[in-house]
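Visitor: I'd like to learn how to read a protein model. Could you take me through a few features, step by step?

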Amino acid sequence: MKILIINGPNLNLLGTREPDIYGSISMEQYVSQLEKQFPEHEISYYQSNIEGELIDRLQKNDFEAVVINPGAFTHYSYAIADCLKNVAQPKIEIHISNIYQREEFRQKSVTAVNSNGMISGFGLKGYTLAILSLNSN
């Protein structure tokens, strides 16, 4: 399966940004681990701090499943939500932190309604859990 992992704003800082919340390894290092853990899948990774670039990447439609962490766009990007609504492939939304234990504004996801499921609060392991859930479909 061709799986696209797509991350939104500030997730390019993984490994250095608030390591107590987000961990101490970069996403590139974690994707390398995922590729070893799931050699049967073709895993590609894309990150942008720009909403339109995330939408453009999703609209390329060159994947069989999406694991998306919209970052802060989770809470207010109806544009990304609309884009996800038009993606026919399975979509799993993930959040490294438990959004329900954070500030009130972070406890609502406008994008999750257009995903097949959401994983929140398991650290980077959430990406692994998302791929495992795709394997079970």
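Guide: Let's start with polar contacts: a polar contact is a pair of N or O atoms within 3.5 Å; within protein, one must be able to donate a hydrogen and the other to accept it, and residues adjacent in sequence count only if both atoms are side-chain atoms. Here, the side chain of Ser120 reaches the backbone oxygen of Ser97 at 3.1 Å, and it also reaches the backbone nitrogen of Ile99 at 3.1 Å. Keep in mind that this is a predicted model, where local features need pLDDT of at least 70, side-chain atom pairs count only at pLDDT 80 or more, and totals for chains, interfaces and linings use all residues. Residues are numbered from 1 along each chain as its sequence is written, and side-chain values use heavy atoms, with hydrogens and water left out.

Visitor: Is Ser120 buried or exposed?

Guide: Buried means under 20% relative accessible area, exposed over 50%, and partly exposed in between (1.4 Å probe, protein chains only). Ser120 has 17%, so it is buried. You'll find Ser120 in strand 5 (residues 117-120); helices (H or I, at least four residues) and strands (E, at least two) are DSSP runs, numbered from the N terminus.

Visitor: Where does UniProt place the feature "binding site"?

Guide: The unreviewed UniProt entry puts it at Asn69, His75, Asp82, Ile96, Ser97 and Arg106. UniProt positions are given in the numbering used here, feature names are shortened, and annotations may be inferred rather than shown by experiment. Take Asn69: it sits in strand 3 (residues 65-69), and its relative accessible area is 3%, so it is buried. Contact means heavy atoms within 4.5 Å, and among the residues Asn69 touches are Ile6, His95, Ile96 and Tyr127.

Visitor: How do the axes of helix 3 and helix 4 cross?

Guide: Axes are lines fitted to C-alpha atoms, for helices over the stretch in contact, and angles run from 0 to 180 degrees between N-to-C directions. Angles under 35 degrees count as roughly parallel, over 145 as roughly antiparallel, 65 to 115 as roughly perpendicular and the rest as oblique. The axes of helix 3 (residues 51-58) and helix 4 (residues 78-85) come within 10 Å and cross at roughly 5°, so these helices are roughly parallel to each other.

Visitor: What about phi?

Guide: Most residues other than glycine have a negative phi. Glu18 has a positive phi of about 35° although it is not a glycine, and Asn61 has a positive one of about 55°.

Key:
Lists of a residue's contacts leave out its neighbours within four places in sequence.
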